[in-house]
Amino acid sequence: MSKINTIDGVLDKYSAKVYKNRKKHMLEIVEDETKEIAANSRTIPGMLTHRGCCYAGCKGVVLGPLKDALIITHGPIGCGYYSWGTRRSKGESFEGGKNFLEYCFSTDLQDTDIVFGGEKKLKQAIKEAVEIFHPETILICSTCPVGLIGDDLPAVALEAKALYGIEVLSFACEGYKGVSQSAGHHIANNSIIKNLIGTSDYKPKQHSVNILGEYNIGGDGFEIGRILKSIGYEIISIMTGDGSIDEIRRAHTADLNLVQCHRSINYIAEMMNIQYGTSWMKVNFIGVESTISTLRDVAKFFNDPALTARTEEVIADELENISPEIAGYKEKLTGKKAALYVGGSRAHHYQMLLNDFGVETVLAAFEFAHRDDYEGRVVIPNIVSDADLKNIEVLTVEKIEDKFKIVKSQEEIEAFRREVKSFEEYEGMMKDMNKGAIVVDDLNHYETEEFIKKLKPDVFFTGIKDKFIIQKGGVLSRQLHSYDYSGPYAGFRGAVNFGRDLTMGLYTPAWSFTVAPWKKESILEGTFGGEQ
Amino acid sequence: MLDVTPKLITERKALKANPSKTCQPVGAMYAALGVHNCMPHSHGSQGCCSYHRTFLTRHFKDPAIASTSAFSEGACVFGGGSNLRTAAKNIFDIYDAEIIAVHTTCLSETIGDDIPSIINSIAIPEGKYMVHANTPSYVGSHITGFANMVTGFIKYLAESTGKPNGKMCVIPGFVNPGDMREMKRLLKLMSVDFTMLPDTTGVVDAPMTGKYEMFPKGGTLIEDIKALGDAQKTLAIGSFASDAGANQLEKSFKIPYKTLMMPIGVGSTDDFIMELSKFSKEQVPYEIEEERGQLVDIMVDSHPYYDGKKVAIFGDPDVVIALTKFVLELGMVPKYVMTGTPGKAFETEVNALFEEFGVEGCISKQASDLMELHQWIKNDGVDLLMGGTHGKYIARAEDIPFVRAGFPILDRYVHSYMPLVGYRGAMRLLELILGALMDRQDRDCAETDFELVM
């Protein structure tokens with residue numbers, strides 16, 4: 001059956017209105033042609049979407065990993081509670097530094113606060129937080145009702161900042177803003193660039209980078225950091241896994257920004273380029289081959305023979321260490337088929353890691369990516385913003401003369417752009433996919449079930465909400481948000497962990513017990529009624 | 001671990017730190033999953049629904065389905081009516097639910113969406129149902145949401161034919177399917193004809209068959225909920241989670257109800273069995289007597305290992321109150337008893353237990369949080385901590401043996417299949433308590449004191 005029929009077969013059940021909408025959100029990869037996909041538009045009610053909200057994108061994803069910031073969720077208890085410790089952004093306490101990652105702070109709004117306003121309670125909560133914990137930074141995140149009742153959070157933040165002499169920032173990340181987590185990324189980015197980056201000075205000691213859009217899930221950032229440091233890079237800041245406010249303040253002093261998750265952090269990458277002259281490069285530390293080519297591209301940027309030599313040395317060493325294990329897993333995994341449905345970035349990156357093991361991707365889907373993540377940044381000028389997105393502030397920034405850093409001349413930059421295609425460019429997921437594979441945006445429960453029936457993947461990489469749904473149907477599902485509490489999956493050692501976890505999942509003996517023996521063969525001897 | 005928590009306790013009026021409760025809708029979602037062929041529906045922005053499904057899934061390691069109205073900013077201005085109408089059409093069309101159980105969030109509550117009139121404007125297909133409950137997140141906790149949704153089902157569906165059916169309505173409280181299964185076993189052993197609402201057995205503990213069923217075999221049948229108007233009596237297990245539903249049946253159909261403590265431990269299970277016996281007018285069968293005797297036998301056998309130990313218990317009020325009573329029956333000291341759910345009745349009930357069992361210097365507190373509990377422990381330690389997974393941070397920080405009991409348990413498997421209620425549940429609890437305490441003795445004692453037989 002052709003794949004076009006596969007998509008039609010899935011869409012058939014829909015009413016005309018839903019059909020028309022959903023058809024635009026799915027396509028089959030064809031050769032020599034990049035098709036347009038609809039993305040970043042409103043979620044259809046009642047479809048069993050996987051999407052979360054703006055608060056999750058802002059507090060849960062971007063701000064949450066900042067270990068030394070005390071984050072107060074301003075709202076009823078749920079939002080703070082659910083985003084407490086559930087994304088596995090690891091963070092190491094540093095000497096004398098405070099670590100708030102194990103905590104959940106909330107104003108726990110009650111009905112009287114909804115009626116009379118929550119500002120008073122928020123001010124009191126800040127006061128208590130300052131007196132008990134003496135944080136250097138407090139971040140306040142709004143939830144749904146806060147926007148409706150009209151609490152003036154920027155004013156509260158300003159007042160607190162003056163009163164206590166610490167950094168206090170507020171984030172208007174009410175859950176209903178935008179159409180998904182994505183709006184929250186943007187809101188967090190805007191504040192980080194406006195209020196934090198460039199606010200303290202520092203002189204890097206060696207070739208320096210920031211790692212952008214890396215949240216250190218299961219220690220990914222630790223592994224990436226280990227590799228980069230062993231080559232000889234200085235990491236100025238990580239946004240935001242294992243990150244700290246002080247590091248972000250001096251991020252502008254780095255020579256190059258490495259962008260892992262394009263969706264969540266491309267705003268900062270773009271704006272830092274304009275304000276501070278910091279070039280950025282789309283990198284991918286997921287997958288052995290990807291990590292190697294990323295390391296080589298980064299080395300090319302610095303164009304330092306010692307660094308280049310050291311890069312090759314580290315690659316050779318690392319490969320020597322992992323190759324036997326990778327080969328072992330590859331033998332067991334080659335020829336398997338995978339489907340991926342992850343937030344806004346991993347559904348692409350992990351295809352590269354699967355390639356390392358000979359696993360074919362038959363379907364890839366994002367929850368909340370934009371067209372540029374599917375089709376490449378080249379389409380950005382053609383993206384039409386709709387009414388649901390218009391209230392997300394788009395910052396216009398300008399060059400900051402005294403902090404502008406020139407690492408490479410304009411000519412060198414242009415030459416480099418021609419040499420390395422990921423330099424200040426992201427070509428999107430679809431370009432890396434094989435002909436015949438299917439791409440879906442905002443994949444819902446029904447479509448998941450249907451595509452599994454039609455494409456028969458051996459493993460479906462996704463999140464916690466559908467993991468057990470898929471496994472109940474007899475198909476392995478591994479989580480690519482939480483890594484099923486394993487990891488790291490990034491870098492060289494991560495690839496080994498990933499291969500181990502996937503192999504273990506596919507070959508665990510439990511699958512063989514799915515059907516009871518009495519369902520397979522009759523144990524009853526005799527005849528049915530009336531039969532002779 | 002939890003390094004910035006100071007020992008010095010200062011009063012907090014506004015800052016909640018490490019809560020021991022969550023918000024209403026997740027309780028409503030759980031209650032709705034306990035109705036057969038039901039799609040729980042979250043009327044708000046989609047983040048809530050995702051978080052709630054996620055939390056239930058992490059606790060049960062099983063699917064928790066639910067749909068959402070997926071509010072955008074526009075819906076906040078114009079109301080969520082069209083979102084709910086679109087959702088209902090899609091849910092009936094695509095997922096073929098028999099009933100949609102709508103709950104609300106702080107968003108739709110603050111906007112003031114009038115759910116009954118929106119539902120009235122929806123063309124619900126023949127033989128299908130839509131019910132609702134208002135579950136504002138800024139009132140109470142997830143337990144309140146559970147109570148509200150149970151009430152919603154009764155309000156919309158229960159009807160009286162005027163002919164009593166002799167059944168007992170059992171509202172089991174916010175407990176695991178393992179607990180509901182155990183309660184049902186005892187009800188059957190006691191020959192009680194009953195309807196349990198909600199009943200998540202067979203839903204969030206569904207077996208592996210190789211075929212996914214969106215609506216698994218379990219859940220209370222709609223026809224049984226309808227027939228609740230003809231019930232003879234309601235048994236509300238745990239006042240916080242179950243009184244509201246029982247009260248609704250009394251209000252609508254004059255069905256009397258009895259509220260019992262969650263049957264955890266000897267006394268509360270005895271009360272539960274006595275109540276069933278009164279209802280069915282049947283003798284207690286030997287099977288139950290045997291279980292009770294076995295439990296007491298184990299208690300006597302193992303008492304040297306738990307007697308006089310100090311315990312801190314936290315979690316949802318009905319479960320915590322019942323656990324407190326059980327540890328008192330064991331002769332342990334429930335030094336700190338805490339719930340995040342607001343309600344003075346909690347302190348009243350727990351204090352009454354302190355008095356009944358004659359323990360002194362113990363603290364009970366409602367609407368508290370895990371940071372406060374941790375501070376109490378820092379000031380005066382305990383031998384054992386009991387509660388949901390979030391307690392593991394305190395257990396590690398203060399090196400306290402920890403028994404996971406309650407909601408949510410996110411970091412262990414199997415627990416939701418196993419009961420805490422009934423004599424059997426008490427045996428299991430005692431095994432967990434003894435295991436934690438005795439493992440600690442094995443770990444900490446001098447090598448010369450290491451015992452083969454304990």
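Over all chains, 60 salt bridges are counted in this predicted model. In chain A, A:Lys421 pairs with A:Glu427 at 3.6 Å, N to O. A:Lys421 is exposed, with a relative accessible area of 60%. A:Glu427 is partly exposed, at 27% relative accessibility. Shared partners also join A:Lys467, A:Arg478, A:Asp484, A:Arg500 and A:Asp501 into one salt-bridge network.

B:Asp96 and B:Lys128 form a salt bridge, with the closest N and O atoms 2.5 Å apart. This pair links distant parts of the chain, 32 residues apart. B:Asp96 lies in the loop between helix H4 (81-95) and strand S4 (99-104) of chain B. B:Lys128 occupies the loop between helix H6 (115-120) and strand S5 (129-133) of chain B. B:Glu275 meets B:Lys233 in a salt bridge of 2.8 Å, N to O. B:Glu275 belongs to helix H11 and B:Lys233 to strand S8 of chain B, so the contact ties together parts 42 residues apart in sequence. B:Glu275 is buried, because its relative accessible area is 5%, under the 20% cut-off.

A:Tyr81 and A:Trp84 pair edge-to-face, 5.9 Å centre to centre, with 70° between the planes. Both residues, A:Tyr81 and A:Trp84, are buried. Ring pairs also connect A:Tyr350, A:Phe357, A:Phe461, A:Tyr483, A:Tyr489 and A:Phe498 in a cluster.

Lysines also sit over rings. A:Lys282 lies over the face of A:Tyr426, 5.2 Å from the ring centre. The charged end of B:Lys61 sits over the ring of B:Tyr413, at 4.8 Å from its centre.

An unreviewed UniProt entry places the feature "domain: Nitrogenase/oxidoreductase component" at residues 23-437 of chain B. Over these residues the chain is 49% helix and 14% strand. The end C-alpha atoms are 33 Å apart.

Terms used
Residues are numbered from 1 along each chain as its sequence is written. Chains are lettered from A and ligands numbered from 1 in the order in which they are written. This is a predicted model: local features need pLDDT of at least 70, side-chain atom pairs count only at pLDDT 80 or more; totals for chains, interfaces and linings use all residues. Side-chain values use heavy atoms; hydrogens and water are left out. Rings of Phe, Tyr and Trp (its six-membered ring) pair if their centres lie within 6.5 Å; planes under 30 degrees apart count as stacked, over 60 as edge-to-face and the rest as tilted. Buried means under 20% relative accessible area, exposed over 50%, partly exposed in between (1.4 Å probe, protein chains only). A charge sits over a ring if NZ of Lys or CZ of Arg is within 6 Å of the ring centre and within 35 degrees of the ring normal. UniProt positions are given in the numbering used here, feature names are shortened, and annotations may be inferred rather than shown by experiment. Helices (H or I, at least four residues) and strands (E, at least two) are DSSP runs, numbered from the N terminus. A salt bridge is a side-chain nitrogen of Lys or Arg within 4 Å of a carboxyl oxygen of Asp or Glu.
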